[in-house]
Amino acid sequence: MLEEISVKELKNLEVDFKLIDIRDEIAFEYGTINGAVNIPQSKLYDSLDLLDKQTLYIIVCKSGIVSDTVAEELRNKGYNAANLKEGYYGYMLQNMQSDTQKAKEVERSINKKFHKSLWSRFTTAIQEYQLVEENDKIAVCISGGKDSMLMAKLFQELKRHNKFPFEVVYLVMDPGYSPKNREIIEKNSKLLNVPITVFESNIFESVFHIDKSPCYICARMRRGYLYSKAKELGCNKIALGHHYDDVIETILMGMLYGGQVQTMMPKLHSTNFEGMELIRPMYLIREDDIKSWRDYNDLHFIQCACKFTETFTSCNPDNASKRLEIKNMIRQMKRINPQVESNIFKSVQNVNLDTVIGYKQGGVKHSFLDSYNEK
């Protein structure tokens with residue numbers, strides 16, 4: 001019985017098989033091997049009635065560590081299961097062959113097939129929220145994921161069409177990536193002809209022993225390092241790849257889990273780095289359109305590059321489950337009301353203070369009672 005198989009051997013496997021990706025649903029949607037089905041590790045043993053004992057199942061996780069144990073457990077139960085020893089990230093590396101035409105094909109798809117859904121919404125956000133201005137120097141921050149890599153390509157197009165002078169630096173921070181994660185980012189950047197500037201920090205080591213909200217603290221620290229490096233390079237803005245779905249999910253998460261009404265702003269002044277701004281030029285772009293662009297061009301990107309999640313099938317189980325719950329909730333509501341997503345987005349642009357019990361402004365709390373008797 002086959003126990004383990006490499007990515008190279010998988011391509012030449014002559015027997016019929018099925019790929020089972022045991023990462024969480026968010027990671028699977030972010031990218032997977034063509035033809036794989038998603039059965040998260042947490043649900044796999046409750047789904048064994050979907051499997052038969054004759055079919056060869058290739059078990060896939062992020063790096064081949066967790067899937068090795070799962071494949072062994074399935075074999076012990078009588079199933080024909082083998083581990084993909086390099087995992088999905090190994091599959092990505094194998095498929096990143098040098099191709100001088102790839103970047104041109106990607107750029108052509110942005111200008112043609114995805115002009116309305118990506119390019120038009122990108123430029124609309126820039127104009128509507130005044131995100132890019134004359135003589136700006138912008139650090140386009142690349143994490144290695146689908147959103148930031150698309151943002152880099154959109155900025156390259158913007159530079160080709162710009163109506164006024166501005167500069168761009170494509171900035172990658174290595175907070176302690178594993179060699180494999182860093183290699184994927186560097187190869188994707190080369191494949192897409194994005195000239196990245198890489199700098200290093202030790203953030204992953206700093207948060208390794210933090211038990212409470214390590215991912216939140218890591219994200220805050222990473223942003224601080226990005227601001228600092230961008231300012232050192234003469235930039236006045238950093239650009240992050242948050243998209244429309246991030247915005248509406250954040251609104252609902254704030255209400256349901258934080259007990260507050262707030263949104264992810266299209267731009268912010270930095271409170272710790274004078275003269276610096278954060279901008280979100282992907283603000284109006286839908287995540288499904290980003291995925292369509294990724295899949296159309298057969299691109300594969302990392303989801304979370306944290307080297308301490310190599311032995312997990314979910315990057316941040318608590319936050320990921322909440323985010324997934326919100327995503328599913330929006331999907332269900334959309335079946336009843338197709339306008340629900342745009343209504344959530346518009347809700348924070350149409351706040352009626354005459355019907356709000358309390359609100360904060362500049363860190364100061366206000367109550368409807370403050371002016372109630374005056375009315």
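## Model and exposure

A residue counts as buried under 20% relative accessible area, as exposed over 50%, and as partly exposed in between (1.4 Å probe, protein chains only). This is a predicted model, in which local features need pLDDT of at least 70 and side-chain atom pairs count only at pLDDT 80 or more, while totals for chains, interfaces and linings use all residues. Residues are numbered from 1 along each chain as its sequence is written, and side-chain values use heavy atoms, with hydrogens and water left out.

## Surface patches

Met255, Leu256, Tyr257 and Val261 make a nonpolar surface patch of about 400 Å² (patch residues have over 30% relative accessible area and no salt bridge; nonpolar side chains are joined within 5 Å, like charges within 9 Å). With a relative accessible area of 43%, Met255 is partly exposed.

There is a negative patch too, built from Glu3, Glu4, Glu9, Asp68, Glu72 and Glu73. Helix 4 (residues 66-76) supplies its largest share, three residues. Glu3 sits in the segment before strand 1 (4-5) and is partly exposed, at 48% relative accessible area.

## An enclosed helix

Helix 5 (residues 87-95) is largely enclosed by the rest of the structure, because seven of its nine residues are buried. These are Gly87, Tyr88, Tyr89, Gly90, Tyr91, Met92 and Leu93. Their packing partners are helix 1 (7-11), strand 4 (56-60), strand 5 (80-84) and helix 9 (179-191) (contact means heavy atoms within 4.5 Å).

## Salt bridges

The structure contains 24 salt bridges (a side-chain nitrogen of Lys or Arg within 4 Å of a carboxyl oxygen of Asp or Glu). In one of them, Glu25 pairs with Lys43 at 3.0 Å, N to O. Glu25 is in helix 2 (residues 25-30) and Lys43 in helix 3 (residues 41-44), so this pair ties together parts that are 18 residues apart in sequence. Glu25 is partly exposed at 25% relative accessibility, and Lys43 is partly exposed at 43%.

Within helix 9, Lys187 and Glu183 lie four residues apart, about one turn of the helix. Their closest N and O atoms are 3.4 Å apart in a salt bridge.

What about Glu249 and Lys327: buried or exposed? Both residues are buried. They form a salt bridge with the closest N and O atoms 3.0 Å apart. Since Glu249 lies in helix 12 and Lys327 in helix 14 (residues 317-336), the pair ties together parts that are 78 residues apart in sequence. A network of salt bridges links Glu249 and Lys327 with Lys146, Asp147, Glu287 and Arg323.

Key: Areas by Shrake-Rupley, 256 points an atom, 1.4 Å probe, with all protein chains shown as cover. Lys, Arg positive; Asp, Glu negative; His and termini not counted. Charge placed at Lys NZ, Arg CZ, Asp CG, Glu CD. Helix = DSSP H or I, 4+ residues; strand = E, 2+ residues; numbered from the N terminus.
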